[in-house]
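Subject: Structure for your study

Dear colleague,

Please find below the structure that I am handing over to you.

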Amino acid sequence: MTDPNNPFEAMMKMSQDWAKSLNPALESFTPKGFEALWPTMPKDVMEGIMGKTFNPEGLDSKTKLLLTLGALTILGAQAEAQIRMTVRHAIEAGATKQEIAETIALVGVFGGVPAMTKAMELASSVMDAEGGED
C-alpha cells in the first residue's frame, strides 16, 4: 500500500499502473530481465570502439572497463545492472578475477566498505556464472 502523502510513492504507483495497462507482462519485469537482453560485446569490438583504435597511445578497453568498474563502485555500487555488465565486459576484454577484485578493493577506500562489499557481491555473481580464469 502506498502512502498518499508521499509524492514519490504515488508517482511510482501511477507509473507501475500505467506500465501494467500497456502490457500486463511488465508487472513481473525486473531490471535483470532487461540486462539479459544486452549481449556481451566481443573483445575485438570493444577494443575497436573503446580501445586504442582512435588513440593508439591511450588506454586499452580492459583498463577502461576496470576504471569504469571502480567509478561505479565509488558511486556506492547502486547501479547493479551496470556493474554486472561492466564485469562481464571486462572479463571478455581479458580481465582476470584477481584484477576485478583488486579494482573493487582499491576503490573501496574512497567509496566505503558498504559500496565495496556490494560491488564485490555483484562482481562475484557474474564471475561465478562466467567461470574462466581465476
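Contact means that heavy atoms lie within 4.5 Å. Helices (H or I, at least four residues) and strands (E, at least two) are DSSP runs, numbered from the N terminus.

The model is a predicted one, in which local features need pLDDT of at least 70 and side-chain atom pairs count only at pLDDT 80 or more, while totals for chains, interfaces and linings use all residues. Residues are numbered from 1 along each chain as its sequence is written, and side-chain values use heavy atoms, with hydrogens and water left out.

The protein as a whole

The protein has seven helices and zero strands, and from the N terminus on its elements run α-α-α-α-α-α-α. Of its 134 residues, 28% count as buried; buried means under 20% relative accessible area, exposed over 50%, and partly exposed in between (1.4 Å probe, protein chains only). Among contacts between residues at least 6 apart in sequence, 61% join residues at least 24 apart.

Helices H5 and H7

The axes of helix H5 (residues 80-92) and helix H7 (residues 113-130) come within 9 Å and cross at roughly 45 degrees. This angle makes H5 oblique to H7, since angles under 35 degrees count as roughly parallel, over 145 as roughly antiparallel, 65 to 115 as roughly perpendicular and the rest as oblique. Axes are lines fitted to C-alpha atoms, for helices over the stretch in contact, and angles run from 0 to 180 degrees between N-to-C directions.

H5 passes H7 in a right-handed crossing. A crossing is right-handed if the near helix is turned clockwise from the far one by less than a right angle, and left-handed if anticlockwise. On the H5 side, Glu80, Ile83, Arg84, Val87, Arg88 and Ile91 take part, and they meet Lys118, Ala119, Leu122, Ala123, Ser125, Val126, Met127 and Glu130 of H7. By class, this contact has eight nonpolar, one polar and five charged residues. Here Ala, Val, Leu, Ile, Met, Phe, Trp, Tyr, Cys and Pro count as nonpolar, Asp, Glu, Lys and Arg as charged, and the others, Gly among them, as polar.

Arginine 84 lies in H5 and, at 8% relative accessibility, counts as buried. Its C-alpha atom is separated by 9.2 Å from that of leucine 69, 15 residues apart along the chain.

Helices H4 and H6

The axes of H4 (residues 61-74) and H6 (residues 97-111) come within 8 Å and cross at roughly 40 degrees. This crossing is also right-handed. Among the residues that make the contact are Leu66 and Leu69 of H4 and Ile100 and Thr103 of H6. The contact has seven nonpolar, four polar and two charged residues.

Isoleucine 100, in H6, is buried, with a relative accessible area of 0%. Beyond its neighbours within four places in sequence, isoleucine 100 is in contact with Leu66, Leu69, Val87, Ala90, Ile91, Ala95, Ala123 and Met127.

A residue in a loop

Alanine 77 is found in the loop between H4 and H5. Its phi is near 55 degrees, a positive value in a residue other than glycine. Alanine 77 is buried, with a relative accessible area of 2%.

A colleague
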